[in-house]
Amino acid sequence: MLGGCAIFHYIRDDKNSNTLRIEENFDLKPYNTFAVSVRCRYFVESDSEAAWFDFAKQYEWEPEQLVILGGGSNFLFTEDFDGTVLYPTLSGITLLQEQGGEVLVSAGAGVIWDDFVAWAVERGYGGVENLSLIPGHVGAAPVQNVGAYGMEAGDTIDSVEAIDLKRAVPVRIPGSDCHFSYRDSLFKHSWKNRYLITRVTFRLRKKPVYKLDYGSIREELERLGVPLSLSAVRQAVTNIRTSKLPDVQELPNAGSFFRNPVVSAELAAKLQQQYPAVPLYPAEEGMVKVAAGWLIEQAGWKGKTLGNAGVYDRQALVLVNRGGATGVEIARLANAVKKEVFVRFGIRIESEVNIV
Ligand code: EPU
């Protein structure tokens, strides 16, 4: 029996049911930025930590039958999901304490990531300004270790509050235990679907340390012609992202669909010999990160369409729903792109988006 069935009855009978919303056979179209219409067996939403704790006590943990959803900007649903979707919507951003040149700030898992960045920038707290306009919710930031323009959320995460769904206890996990790396953390591996993140505590700087050397931040700042500040950087990043990435309202998408592949130094050197223009970046442990967008563009897929799904014409890492695409169509396009890149370059690119 699905763990979800037990919950369903429990919640209906419980006097606190107003703090949990539960739906059955629920259409996830408004909850995924690819805007694909699929149904899940149960959909559970709450903005209350106490309610999630009560829920966990009754819930029979079945990680395979579970999806924990944030802003839905990192999922591709290819078929109806015969399991339970948990949707935590805890709100609020609180300044917890000031310690020397740093502040500790707690944000609810359901806070829109960019609202959190705006909050920090307005108050002059540095550390997340380069992460402006990244779609999704705060609760997804530690899972994905969201990153852009030389900054990663993991660098600022002090701790993560969560409900351990396996043991039904609230926990606080230090950021240093999460094993943050490029677009990765333990939440995607051995901790997958185990912790329902409720709040994230960030350690931000009162005196910002700017990172301006990635992408075209410096050029954009010069173009803006304003003095350097957190808001100027936020504006520059916002402008760059808006010019390169499609608006989900117009062209549903999940941001970068693929991760940049990390290859050995030998393979990178060979590649560079053959293609001197290939963009390479140093990665962990002497490995080299290759720009997947470049590989896809060279493989001839940029701007192409397959069925109702397409590769965005201004950033080849992004797959878009050109209107009415099913999850299967988008997955088919992703596979065609992966295959071509492998045939051309011998490099396997992996999706960063979760395919359910
Ligand atoms: N490139 C191409 N063709 C393309 C796309 C990129 O040749 O279609 C080349 C660019 O010219 C550049 C290099 O690839 O030389 C890197 O491109 P870009 O700076 O746009 O960054 P990216 O590696 O493609 C990553 C993140 C983005 C993030 C940017 C900026 C991943 C998977 N993606 O993209 O994240 O905004 O860096 O830091 O790491 C997202 O996660 O949704 C996202 C957009």
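## Placement of the domains

In this predicted model, the C-alpha centres of domain 2 and domain 3 are 27 Å apart. The domain assignment of the protein chain places domain 2 at residues 93-205 and domain 3 at residues 253-355. The assignment also gives domain 1, which covers residues 4-88.

## The interface between domain 2 and domain 3

On the side of domain 2, 6 residues are in contact with 6 residues of domain 3. Together, the two domains bury about 620 Å² between them, and carbon and sulfur atoms account for 38% of this area. Of the area that domain 2 buries against domain 3, 71% is supplied by Y182, R183 and K188.

## Polar and charged interactions

Between domain 2 and domain 3 there is 1 salt bridge. A salt bridge also joins the side chains of R183 and E352, with a distance of 2.8 Å from N to O. Across the interface of domain 2 and domain 3, 3 residue pairs are in polar contact. The side of domain 2 that touches domain 3 is made up of 1 nonpolar, 2 polar and 3 charged residues.

## Cysteines

A search of the whole structure for disulfides finds 0. Two cysteines may be described by their accessibility. C40 counts as buried because its relative accessibility is 1%, and the cut-off for a buried residue is under 20%. C178 is likewise buried, because its relative accessible area is 0%.

Terms used: Residues are numbered from 1 along each chain as its sequence is written. This is a predicted model: local features need pLDDT of at least 70, side-chain atom pairs count only at pLDDT 80 or more; totals for chains, interfaces and linings use all residues. Side-chain values use heavy atoms; hydrogens and water are left out. A disulfide is a pair of cysteine sulfur atoms within 2.5 Å. Buried means under 20% relative accessible area, exposed over 50%, partly exposed in between (1.4 Å probe, protein chains only). Domain bounds come from an automatic or database domain assignment. Contact means heavy atoms within 4.5 Å. Buried area is the accessible area (1.4 Å probe) that two parts lose on being put together, summed over both. A salt bridge is a side-chain nitrogen of Lys or Arg within 4 Å of a carboxyl oxygen of Asp or Glu. A polar contact is a pair of N or O atoms within 3.5 Å; within protein, one must be able to donate a hydrogen and the other to accept it, and residues adjacent in sequence count only if both atoms are side-chain atoms. Ala, Val, Leu, Ile, Met, Phe, Trp, Tyr, Cys and Pro count as nonpolar, Asp, Glu, Lys and Arg as charged, and the others, Gly among them, as polar.
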